Amino acid sequence: MTQTTDSRKKENQSPTYPRKGMGLISAFAFLLLISLSWWAWSAWKGTDMAKPGQSQSVKKVASIKAPDSEYDVIVAGTDPEGIAAAVSAARNGQKTLLVENRARDVLGGLFTEGWLNSLDNSFAPNEEGKSDAGKFLNEGIFLEWRKGVEGTSFDVTTAANAFYDLVRKEKKVDLLMHAKSFTPMVNGSQTVTGLNITTADGKEHKVSARAVIDATQDGDVAAAAGVPFTIGRQDLGDDKSLMAVTLVFRLKGMTEEIWQQMKKNGENDPHLLRGMGADAMSGWGYSAMWDYKSTNPERVRMRGLNIGRQNDGSILINALQIFGVNPLDPASVKEGMEIGRAELPHVLDYMKKEFPELASLELDGSAPELYVRETRHMIGEYRLTMVDALDNRDQWDKIAYGSYNLDIQSTDAKYRGDIVLKPSQYAVPFRALVPQKINGLLVVGRSASFDSLPHGSARTVPVGMASGQAAGAAAAVAAKNKVSFRELSLSKPLVTELQETLVKQGVRLEPYKFAAPPYTKHKAYEGLKAAVSLGIAAGGEKNEFQLDEPSNPRRFANHFNTMKTVLGRTYPKAVGGSADAAVKGLTKPGDIALTWEQAAWTISQAVGAKVRRSESAAYVLEQKLVEPATFAAIENKSKLTNGDAYMLLRDVLKAQAGVVYR
């Protein structure tokens with residue numbers, strides 16, 4: 001959680017988040033949540049209707065046997081972000097080593113080994129601030145690759161070949177696959193000077209470089225070098241929660257007749273009651289899969305289906321959620337794979353019974369790697385915040401844009417996830433790639449410097465590929481000007497040079513013009529910033545934050561319970577009391593109006609004040625726990641709204657911890 005200083009349901013808790021960081025959303029958004037996969041496609045359904053083509057043969061990836069002793073740039077990891085970084089560095093004149101230490105035979109990582117064959121795209125906004133489907137943000141190397149695959153979903157072999165085509169055309173890139181390991185070389189000035197690489201034959205190589213770009217999914221090189229990180233929801237006071245991992249699986253036997261029936265089902269479901277639909281390459285919905293009874297309910301669950309066609313007549317399905325997996329522990333990953341694979345036959349039996357059009361399909365394997373959504377979140381020179389996304393904020397050192405939903409997936413079997421926000425367009429600053437404490441290193445991809453909530457959008461691969469392209473170009477700019485990455489990140493002239501370099505190479509960095517979202521004009525917007533940043537409010541895909549809807553005593557107490565969890569480690573005395581004490585004795589506290597007197601009583605109890613209930617209203621004003629302007633702005637003191645509640649929350653946060661979200 002970043003601030004300046006001065007993805008469990010409970011009764012009537014909406015729209016607050018529970019302990020895991022999320023909560024209920026509006027009724028309409030909840031229907032969308034029931035068909036989670038519909039979210040992914042709704043912004044671009046009906047566009048780019050490419051059809052499956054002829055299956056390609058996978059191109060054999062040519063790997064060097066041993067690296068040279070010195071390079072200008074080393075890129076660790078062959079996920080899409082790493083490919084973009086290596087290609088960019090090479091195009092900018094840098095002798096580059098692209099090295100992989102996983103047992104992979106193709107390039108593309110998450111897409112080609114995790115089988116995540118559908119894109120979470122960031123589209124440019126129209127004048128109203130809504131996504132203009134098909135008009136991609138950033139463009140650049142991502143769009144070069146994108147033009148080589150099928151459509152809204154892609155064949156993983158086509159994708160792997162398209163990635164390899166990008167790399168093999170660059171004469172300045174050496175590609176080293178199947179390294180047994182690589183670890184950073186760090187000198188006494190805390191600068192990464194290269195990698196120690198053990199190749200497949202067991203030989204060790206000390207490979208120096210002016211710049212290292214960490215494109216591993218989990219920020220492994222940076223972590224080993226001593227870069228600070230948070231893990232999962234730690235920035236929200238939760239040390240245990242991570243978004244679920246997914247095992248993508250494949251079904252064979254898909255025919256054009258079956259696919260057309262799927263499309264017809266979607267056309268006959270205009271109100272999305274079952275969330276079904278399809279275009280030429282992608283299917284979505286099938287919300288009845290939420291009702292599947294797992295054989296291991298605490299560890300694995302199905303959600304609505306994300307379906308991507310393959311050219312060989314099979315389909316890939318992203319829907320099986322696995323909980324309790326630590327992606328940084330190989331034994332835990334192995335167990336998670338085993339749990340997922342054991343569940344798949346039962347899933348398919350249910351699917352066939354529930355959806356007759358799929359009855360002829362057969363299980364045909366699962367992905368070689370898990371789809372992992374989050375692990376480490378780097379602490380960089382800048383940390384992308386929820387307010388950045390709420391404000392659709394531009395940045396002076398922008399190197400990429402994002403606009404995909406802030407999509408927080410399930411963290412356990414009792415929590416279905418939330419869409420926190422649908423931004424129009426926010427900027428990713430170069431500083432978010434630059435780690436604190438360690439020099440000579442940039443981090444790209446989902447482990448870059450993003451708070452855990454905006455990470456729900458910024459982690460998407462198109463944004464990561466844009467960041468990777470920027471990192472590759474930054475290596476050249478830093479070398480040319482004989483500066484470190486940190487020095488580059490602090491220099492407006494050098495950042496401008498980096499931006500101009502990217503623009504010349506096909507990246508679009510000019511912001512689009514669009515209207516400010518209505519919620520930014522609400523009188524309670526400053527309170528909303530605090531509520532969303534703390535994980536208390538979610539707007540869904542339509543940004544319906546319900547600011548003018550009535551709050552209630554139970555919900556208001558829950559706000560302070562969440563604040564106490566988030567602030568507990570850093571500001572243990574800020575909310576040192578018990579907000580729950582204020583609702584004891586109330587009949588159905590989730591069904592009655594929140595009055596000013598009850599709100600003041602809750603605040604006094606939450607901060608641990610020793611006052612009587614009758615004294616609490618005067619106390620919170622005298623102690624400036626609530627600012628006079630906030631109190632005066634409450635139009636109906638006998639029926640406070642969610643917006644009123646968020647403003648009160650904002651005031652207490654500022655008074656007790658000196659924290660203001662800007």
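Reader: Hi! How many bridges join strand β8 to β9, and which way do they run?

Author: Strand β8 (residues 181–186) and β9 are joined by 6 bridges and run antiparallel. Strands pair if DSSP finds at least two bridges between them, and strands (E, at least two residues) and helices (H or I, at least four) are DSSP runs numbered from the N terminus. This is a predicted model, where local features need pLDDT of at least 70 and side-chain atom pairs pLDDT 80 or more, while totals for chains, interfaces and linings use all residues. Residues are numbered from 1 along each chain as its sequence is written, and side-chain values use heavy atoms, without hydrogens and water.

Reader: Thanks! What stands opposite G194 in β9?

Author: That is M185. In the hairpin of β8 and β9, 5 residues lie between the strands, and Q190 takes a positive phi near 60°.

Reader: And which strand do 5 bridges join to β9?

Author: Strand β10 (residues 204–214), again running antiparallel. L195 stands opposite V207 in β10. The hairpin of β9 and β10 has 5 residues between the strands, and there G202 takes a positive phi near 90°.

Reader: Is β9 mostly covered or exposed?

Author: Strand β9 (residues 192–198) is mostly covered, with 5 of its 7 residues buried. Buried means under 20% relative accessible area, exposed over 50% and partly exposed in between, with a 1.4 Å probe and protein chains only.

Reader: Switching to rings: how many aromatic pairs does the count come to?

Author: The count comes to 14 aromatic pairs. Rings of Phe, Tyr and Trp (its six-membered ring) pair with centres within 6.5 Å; planes under 30 degrees apart are stacked, over 60 edge-to-face, the rest tilted.

Reader: Why is the pair of Y519 and Y525 tilted?

Author: The planes of Y519 and Y525 are at 50°, with the ring centres 5.9 Å apart, so the pair is tilted. Both Y519 and Y525 are buried.

Reader: Which residues do ring pairs link into a cluster?

Author: F111, F123, F136, F142, W145, F154 and F163.

Reader: Nice. Which charged end sits over the ring of F631?

Author: The charged end of K637 does, 4.7 Å from the ring centre. R373 lies over the face of Y371, at 4.3 Å from the ring centre. The rule asks for NZ of Lys or CZ of Arg within 6 Å of the ring centre and within 35 degrees of the ring normal.

Reader: What lines the largest cavity?

Author: The largest cavity has 21 lining residues, and E81, L110, R459, T460 and V461 lie nearest its centre.

Reader: And the second largest pocket, how much space lies there?

Author: About 530 Å³ lies in the second largest pocket. Its lining has 24 residues, with R102, D218, D220, P327 and V333 nearest the centre.

Reader: Last one: is N642 buried or exposed?

Author: N642 is buried, with a relative accessible area of 0%. N642 belongs to helix α19 (residues 642–657). N642 and F545 are 97 residues apart in sequence and 8.6 Å apart in space, C-alpha to C-alpha. K252, in strand β13 (residues 249–252), is partly exposed, with a relative accessible area of 43%.

Terms used:
1 Å grid on protein atoms, 1.4 Å probe; cavity = no way out; pocket = protein on both sides within 12 Å on 5 of 7 lines; lining within 4 Å. Points joined across faces, edges and corners; volume = space filled by probe spheres on them.
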